[in-house]
Amino acid sequence: MQAVVIAGDHLGLVERPDPSPGDTELLVAVRAAGVNSADLAQRRGEYPAPPGWPDDIPGLELAGEVRATGARVRRFAVGARVMALVGGGGQATLATVDEAHALALPDGLSWPAAGGFPEAFATAFDALFSQGGLTLGERVLVTGAAGGVGSAAVQLAAAGGARVVATVRDPALREAVAGLGAGDVIDPDDVARHGPYDVVLELVGAASLAVVLPCLSTGGRVLVIGVGGGATAAIDLRGLMSRRARIGGSTLRARTHAERAAVVAALAAKVLPLLAAGRLRVPVSETFPLRRAADAYERFAARGRLGKIVLLS
Ligand SMILES: NC(=O)c1ccc[n+]([C@@H]2O[C@H](COP(=O)([O-])OP(=O)(O)OC[C@H]3O[C@@H](n4cnc5c(N)ncnc54)[C@H](OP(=O)(O)O)[C@@H]3O)[C@@H](O)[C@H]2O)c1
């Protein structure tokens with residue numbers, strides 16, 4: 001197979017032996033694989049792969065056709081179109097995934113959309129609903145809402161009956177984010193004027209958290225999912241106490257096999273039907289062939305994009 005390989009600072013396509021599936025695994029001919037900031041951090045040497053995953057092939061999500069199945073696979077057959085959440089190794093022409101971490105593609109979903117779906121939608125769904133307990137009618141703030149996770153979160157929160165406020169720094173992207181279901185799309189400097197918020201999906205990190213905390217409603221919950229805007233913040237604990245507020249955080253990548261399977265099962269039960277019904281979409285800003293992974297990473301790091309960057313093979 002061919003794989004995007006991190007070698008020091010270099011990122012290039014390299015020939016590697018084909019993997020073979022374990023008992024409960026699928027061998028997938030990858031057609032599309034989303035780029036995530038974790039891939040860029042791994043390339044910088046700041047985010048090593050967790051144990052059990054390829055340590056130099058990035059890629060946390062993929063979509064493709066099943067080529068072969070392990071002896072104990074029950075849910076998918078050769079030829080099935082699947083997408084999957086992986087802990088690494090997605091950016092290659094072949095990958096093995098556990099069937100418990102795979103989802104069937106809804107009819108009509110394109111490869112680029114499928115390749116950009118699992119990580120963003122799993123992260124957003126898990127944070128908002130499983131961790132944050134978001135319910136009907138609550139007011140939710142999504143910071144950094146034009147990106148892959150943010151554009152998923154805006155749609156999921158709106159589909160779940162929440163009132164959505166979204167921060168987007170690029171004015172040119174605000175109308176598109178409103179089109180995903182945000183009632184108010186605002187500049188990050190205007191957060192205070194649009195609160196209070198019952199749930200905050202914090203995708204920017206410390207720079208935003210300082211602004212957000214005083215705007216929580218009583219019983220408000222903040223889920224820290226991204227720290228691109230800083231990982232260390234001073235917190236007014238008195239304000240936190242008086243609002244009976246909670247701050248939590250999570251990452252998907254570090255989860256165990258069983259925890260990852262639970263996230264995928266929740267996605268299959270709650271989110272996939274909405275995707276299949278056309279009530280959710282995966283905004284794909286740009287696609288790149290696998291051999292141009294370095295260009296794709298560069299584009300990912302640049303500002304001003306709606307949704308995902310996806311590699312195609
Ligand atoms: N915990 C997890 O399991 C998990 C999983 C996936 C992603 N993440 C994290 O979640 C974050 C979002 O991921 P993503 O895939 O959606 O990334 P993305 O597509 O690059 O989107 C990030 C968005 O945040 C905005 N932004 C960045 N810095 C900002 C700042 N200082 N102030 C205001 N807006 C800012 C960007 O706007 P511009 O276009 O203006 O730059 C962009 O729209 C990343 O930090 C990522 O590492 C965590």
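Keep in mind that the model is predicted.

Strand S1 covers residues 2-7, and strand S2 covers residues 10-15. The two pair in the antiparallel sense, over 6 bridges. Take one of those residues, Gln2: its bridge partner in S2 is Glu15. The hairpin of S1 and S2 has 2 residues between the strands. Gly8 in this hairpin takes a positive phi, near 65 degrees.

Now the open sheet. How many strands does it have, and in what order? There are 6, and the order is S10-S9-S8-S11-S12-S13. The pairing is parallel. At the edges sit strand S10, residues 184-186, and strand S13, residues 246-249. Each of these two pairs on one side only. Neighbouring strands of this sheet are turned by 15 degrees against each other on average, direction ignored.

Look at one pair in that sheet. Strand S9, residues 163-167, pairs with S10 over 3 bridges, in the parallel sense. Pick out Ala166 and follow it across: its bridge partner in S10 is Val185.

Next, helix H3, residues 118-131. Which strands does H3 lie across? Three names to find: strand S8 at 139-142, strand S11 at 197-202 and strand S12 at 216-224. Against S11, helix H3 runs at about 150 degrees. Is H3 enclosed or open? Of its 14 residues, 11 are buried, so H3 is largely enclosed by the rest of the structure. The buried residues include Phe121, Phe125 and Leu128. After H3 comes Gly133, with a positive phi near 60 degrees.

On to helix H4, residues 148-159. H4 has 12 residues. From first C-alpha to last, H4 reaches 17 Å, close to the 16 Å expected at 1.5 Å a residue. H4 is mostly covered as well, with 10 of its 12 residues buried. Among the buried ones are Gly148, Val149, Gly150 and Ser151. Leu156 and Ala157 are buried too. Just after H4, Gly161 has a positive phi of about 85 degrees.

Hold on to Val149, and turn to the ligand. How many residues surround the ligand? The count is 21. The closest are Ser37, Val149, Ser250, Leu252 and Gly304.

From Ser37, a polar side-chain atom lies 2.4 Å from an oxygen atom of the ligand. At Ser250, a backbone N or O atom lies 2.7 Å from a nitrogen atom of the ligand. At Arg305, an N or O atom in the side chain is 2.9 Å from an oxygen atom of the ligand.

One last stop: Ser208. Where is Ser208? Find Ser208 in helix H6, residues 206-212. Is Ser208 buried or exposed? Buried: the relative accessible area of Ser208 is 13%, and the cut-off for buried is under 20%. Leave aside neighbours within four places in sequence, and Ser208 is in contact with Thr143 and Glu202. With Glu202 there is a polar contact, side chain to side chain, at 2.8 Å. Glu202 falls within S11, residues 197-202. That brings us back to the sheet, where S11 sits between S8 and S12 in the order.

How values were computed: Residues are numbered from 1 along each chain as its sequence is written. This is a predicted model: local features need pLDDT of at least 70, side-chain atom pairs count only at pLDDT 80 or more; totals for chains, interfaces and linings use all residues. Side-chain values use heavy atoms; hydrogens and water are left out. Helices (H or I, at least four residues) and strands (E, at least two) are DSSP runs, numbered from the N terminus. The expected span of a helix is 1.5 Å times one less than its number of residues. Buried means under 20% relative accessible area, exposed over 50%, partly exposed in between (1.4 Å probe, protein chains only). Two strands pair if DSSP finds at least two bridges between them. Axes are lines fitted to C-alpha atoms, for helices over the stretch in contact, and angles run from 0 to 180 degrees between N-to-C directions. Contact means heavy atoms within 4.5 Å. A residue is near a molecule or strand if one of its heavy atoms lies within 4 Å of it. A polar contact is a pair of N or O atoms within 3.5 Å; within protein, one must be able to donate a hydrogen and the other to accept it, and residues adjacent in sequence count only if both atoms are side-chain atoms.
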